[in-house]
Every structure is written in C-alpha cells, then in structure tokens.
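I opened the model today and kept short notes.

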Amino acid sequence: ARDEQGNAWTSKWAANPSTMRRCWLFFVIVFWSAACAIENSVEELHSELAALRSEIQSLKLQEAQLNEPRHLAANSSITPSFLLAEVEGLKQHNFDVQESMDTLWLCVCGFVASLMHAGFAMLETGACRARSASSVLLKNVMNMCVGSVGWWLCGWALAYGDQIYGFIGTSGFATSNFLQSSGSLIQPAKICEEPNCVSKMVMWFYQWIFCTTCVSIVSGGVAERARTASYLCYSFAMSALIYPGVVAWTWGGGWLSSFLGVGFTDFAGSAVVHLTGGMGALTGAIMLGPRRGRFEDPAAFEAHSLPLVVMGTLILWFGWFGFNAGSTLSLHDASTAALAAQVAVNTVMSGAVGGVTVFFLRLLQAGRYDVSGLCNGILAGLVSITAGCANMTSFSAVCVGALGGGVYCIFSSLLVKLQIDDPVDASAVHGACGVWGTMAAVLFDWGVPQGHFHGLRGWTCASAPNCEKGILGSALLAQLITVVAILGWVLSLSLIILISASLAGQIRVEQRTEEAGVDHTEHAQVAYDLDGK
C-alpha cells in the first residue's frame with residue numbers, strides 16, 4: 001500500500017522510532033497480561049485437582065471403614081440391619097415400579113384391543129344385506145353388554161378361579177375376591193408370578209376383551225336370521241360357561257397346560273379364542289340353515305357396503321396389536337419388551353401376506369379383484385399367527401400367513417359346496433385358520449431347527465435350562481388334543497343350547513320377517529331408508 005506520492009507507508013513507520021516503540025510496548029503488555037491470566041488458570045486447576053484427589057481419598061477411606069464390621073458396630077446410625085432394611089426398601093420400590101408398568105401396559109393394550117368390537121360391527125354389517133344392518137349392529141353391541149355381565153358374574157371365576165381336578169374354577173364369582181380389607185385399609189387382590197404381581201382387576205379387564213371377542217365371532221355366522229332373544233341367551237352362555245371352560249383348561253392352569261409334560265402352545269388365542277368362536281359360529285350356521293335364496297341367487301347376498309368391510313378390517317388389524325402384543329402380560333424388563341416387539345412384527349407380516357395370498361388366489365379364480373376376499377385373507381393371516389406369534393421368526397410368520405390364506409380359501413369353498421351359509425365366513429376365518437394356527441405354533445417354533453422347543457416360553461426353551469431334545473412330537477400331540485377338546489366342548493354345549501331353542505321354536509325368525517327384512521319388522525330404527533320415505 002502506498003500514499004498519493006507513491007511512497008510506501010511502511011517507510012514512514014520505519015522512519016518514526018517513537019511510533020515503533022509505542023507499538024512494541026503495546027504488544028508486550030498484551031502478551032504479558034495473557035501469560036499472567038494463563039498462569040492463574042493453571043494454578044486454579046492445580047488447586048481443584050488437589051481438592052478432588054483429597055475428596056476421593058476420603059471417600060475411599062469411608063468405604064473401607066463401612067466394610068469393617070467393627071466400624072458398623074461402633075457407628076450407631078449405620079448398622080447391618082439398617083443396610084438390610086435399605087436394600088429391602090429399594091427392592092420393594094423396584095417391584096412397585098414393575099407392577100405399575102405391567103398394569104399400564106395391560107390397560108393400554110386392553111384399550112387398543114377393545115376397538116376390535118367396532119371392527120367386528122363394521123365388518124359384519126357391511127358384509128350382510130342392507131335390510132339387516134340394524135339387526136347386525138344390535139347383536140354386536142349386545143355382545144359387549146351381555147358378554148360383560150356373563151364374564152363378571154361367573155366367567156372369570158370358572159376360568160381363573162381355584163380349580164378342581166384341573167377342569168374348572170370355583171372362586172371369584174362376581175369379582176367377590178378382588179378386594180382385601182385390613183382394618184380401614186382396602187387393597188386390591190393380586191395375581192403373582194414370582195417375583196412380579198398385578199391386580200386381579202386389571203387382569204379381569206384385559207381378559208374380558210378376549211371373552212367378548214370370542215362372543216362377537218359367533219354373531220357373524222348367524223347373521224340375518226337368528227332370533228335376537230335366542231342369540232343373546234347363547235351369547236351369555238358363551239361368555240359365562242363355554243369360553244371360560246376352555247380358558248380353565250389352558251390359560252387358567254388346567255389339565256391342558258401341562259399335558260404330556262409339555263402343555264399346549266397358544267400365546268394369544270388361535271385356539272382358545274378364535275377356534276372357540278369359530279366353532280360356535282359354524283354350529284349356529286348349520287342349526288339355523290341358510291338364508292332363503294342364498295344359494296339360488298348368490299349375487300343378491302353380496303356385501304352391501306365395501307367401505308364398512310374395509311374399515312372394519314383395518315380397525316380389527318389395529319386392535320390385534322393390543323390382542324397379541326399385550327399377551328406378554330408384562331413389560332417391566334428389556335426381554336419382555338423385545339418379545340412384544342417381535343410379536344408386533346409377526347402380526348404385521350402374517351396379516352399382510354395372508355391378504356396378498358387370498359387376493360391373488362381369488363384373482364386367478366375369478367379374473368376380478370375381490371375386496372371382501374382380500375379383507376378376509378388379512379384376518380385369516382392374523383388368526384393363523386395368533387398362537388405362535390411369540391415363538392417364531394418373521395420369515396416363519398410370512399409362511400404361516402400365506403398358508404393361512406390358502407386354508408381360508410379351501411374352507412370357504414367347502415362351506416359353499418356343502419351349502420352352509422356363513423355370511424361373513426366366520427367359521428372359515430376363525431375356525432379353520434384357528435386350527436391351522438394352533439398346529440403352526442409348534443411346526444414353526446424357532447427352536448425346531450436345533451431340535452429344541454420354546455412354545456409359550458418365548459426366548460427360552462420349554463425345558464430350560466437343559467433344553468432337552470425330542471419333545472416336538474409330544475408338543476404336536478398336545479396341540480392336536482387341545483384342538484379336539486375345544487371342538488368337542490364347544491360343539492356339545494352349543495348343540496344343547498341351540499336344540500333347546502329350536503324345540504321351543506325360538507331359534508330363527510319367521511319367513512315373512514326374513515323376507516321383509518329384520519330391521520323393518522323388529523327394529524324401531526332402520527339403518528337405511530330402503531323405502532325412500
């Protein structure tokens with residue numbers, strides 16, 4: 001840089017010694033100040049480090065003294081009994097936190113799974129004719145009401161009460177033993193699997209979803225022609241006796257839970273819930289007979305509202321996550337949380353592949369897209385994975401869902417060939433796929449390639465810690481006996497109830513009522529104004 005005359009500025013600075021001295025003095029002062037500040041900071045750090053070392057030494061000395069029994073005896077405030085009490089207090093606090101987490105998990109999953117009732121109502125209503133929509137809706141809502149009363153009155157007690165001969169429960173009727181009093185203090189009674197416990201109330205609530213779901217399955221199989229009063233009587237019997245009997249043998253700790261030393265495998269209810277409901281639906285459909293004109297003019301009995309069918313299916317799929325993942329019954333450790341995630345993944349994949357399988361099978365068969373078939377294929381995959389969702393890989397879940405879709409198609413075609421009228425294919429989806437899912441839970445168990453069997457134990461072997469081999473045959477036989485026992489129990493009790501109603505002339509609506517539409521004849525409000533008024 002230069003001035004106007006072209007002289008370099010640096011030459012002027014160099015020619016003025018006083019200016020140069022002032023600059024050098026300024027820089028010296030700045031550097032000296034910085035050096036002093038750094039030195040002070042280093043001294044402060046040394047002081048802090050020395051203090052920390054002293055504190056660490058003091059803590060080590062205190063720890064050594066606390067480990068000496070003589071010090072414990074001399075120090076009146078810290079005694080062995082004091083430390084033991086502190087440890088027990090921490091353990092109890094940990095148990096309380098775990099119980100709270102498990103209770104919250106069961107409540108949330110129960111809330112989610114309860115949406116399945118809305119799904120059933122939408123699906124069954126859309127799959128039937130418009131003139132019977134109010135009748136189908138009424139039965140689905142009453143399933144929850146009547147089923148709740150039956151489960152509260154004696155269903156829970158027969159299922160989970162103190163058992164006689166591993167057959168049926170005998171205690172807890174009308175939740176009589178759910179509360180305990182000690183003086184003025186009232187506490188909830190608990191169900192414990194050492195060392196963790198949850199209240200009977202929350203377990204009652206979560207299992208209530210399974211009971212009323214089983215009842216709702218039946219309503220689809222007898223839609224449009226069953227008398228409302230007779231159906232409600234059957235719903236009460238299902239929730240108060242038929243379903244609780246199955247639960248008592250299985251989840252309630254009855255004879256099937258330890259059969260052949262292996263016991264049954266049904267994590268979330270392919271057999272206990274879906275096979276029971278599917279068999280009830282099939283029995284009812286056979287006893288009632290087909291709707292008039294069903295096989296003479298099949299086109300007249302197509303689903304009247306595909307939007308309701310699709311919406312109901314998607315709601316059911318969502319509710320199934322609470323149904324399956326919630327069946328871990330706890331979420332207080334990493335292992336159980338990981339198992340719940342595995343269950344959720346398997347539920348997604350099996351339902352998706354089941355839907356895809358039926359979609360393409362129906363496309364090949366009819367040459368057209370079948371939305372109703374797609375929806376039922378999704379449900380078939382979900383039912384198929386419900387028993388084994390916690391003891392198989394996601395690849396196995398894909399295989400189970402695909403085969404479940406095939407099972408559904410075969411059984412649905414068989415119903416049509418035999419002229420058994422099941423309006424929503426409840427017996428094919430829940431009954432046939434329930435049997436398949438029950439057997440698949442053993443066939444696709446993730447320990448099978450190594451010769452082990454995990455079953456209901458999830459991550460661990462059924463005979464842990466030894467994981468004995470050669471029990472797969474016993475496990476398969478236990479599943480087969482479970483299926484046969486459930487079919488026999490549901491069929492026999494259902495026949496007794498339905499034959500009694502038939503003899504009394506109260507099983508099926510009159511012909512004129514069926515032809516005019518149950519809604520128009522028996523209901524104060526109809527779902528659709530079919531007369532255009």
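Entry 1, the pocket. I took a pocket as an open set of points on a 1 Å grid over the protein atoms alone, where a 1.4 Å probe fits, with protein on both sides within 12 Å along at least five of seven lines. Grid points are joined across faces, edges and corners, and a volume is the space filled by probe spheres set on the points. This is a predicted model, so local features need pLDDT of at least 70 and side-chain atom pairs pLDDT 80 or more, while totals for chains, interfaces and linings use all residues. Residues are numbered from 1 along each chain as its sequence is written, and side-chain values use heavy atoms, without hydrogens and water.

I looked up the second largest pocket and found a volume of about 990 Å³. Its lining (residues with an atom within 4 Å of a point) has 32 residues, and Arg294, Glu302, Arg362, Asp370 and Ser372 are the closest to the centre. I sorted the lining into 17 nonpolar, six polar and nine charged residues. Here Ala, Val, Leu, Ile, Met, Phe, Trp, Tyr, Cys and Pro count as nonpolar, Asp, Glu, Lys and Arg as charged, and the others, Gly among them, as polar.

Which helices supply at least two residues each of this lining? They are H5 (116-127), H10 (306-325), H11 (334-366), H12 (371-386) and H13 (394-417). H13 gives the largest share, five residues. Helices are DSSP runs (H or I, at least four residues), numbered from the N terminus.

I searched for disulfides (cysteine sulfur atoms within 2.5 Å) and the structure holds one. Cys192 and Cys197 form it, with sulfur atoms 2.0 Å apart. The link is right-handed, at 110° about the S-S bond. Is Cys197 buried or exposed? Cys197 is buried at 19% relative accessible area, whereas Cys192 is partly exposed at 38%. My cut-offs were under 20% for buried, over 50% for exposed and partly exposed in between (1.4 Å probe, protein chains only). I also checked Cys233, exposed at 52%, and Cys389, buried at 0%.

I treated a nonpolar core as buried Ala, Val, Leu, Ile, Met, Phe, Trp, Tyr and Cys residues joined through side-chain atoms within 4.5 Å. The largest one has 96 residues, and Trp151, Met238, Tyr243, Trp320 and Tyr408 touch the most other members. Helix H7 (residues 200-221) brings the largest share of this core, 13 residues. I then listed contacts (heavy atoms within 4.5 Å) of Tyr408, beyond four places in sequence; among them are Val358, Arg362, Asn376 and Asp425.
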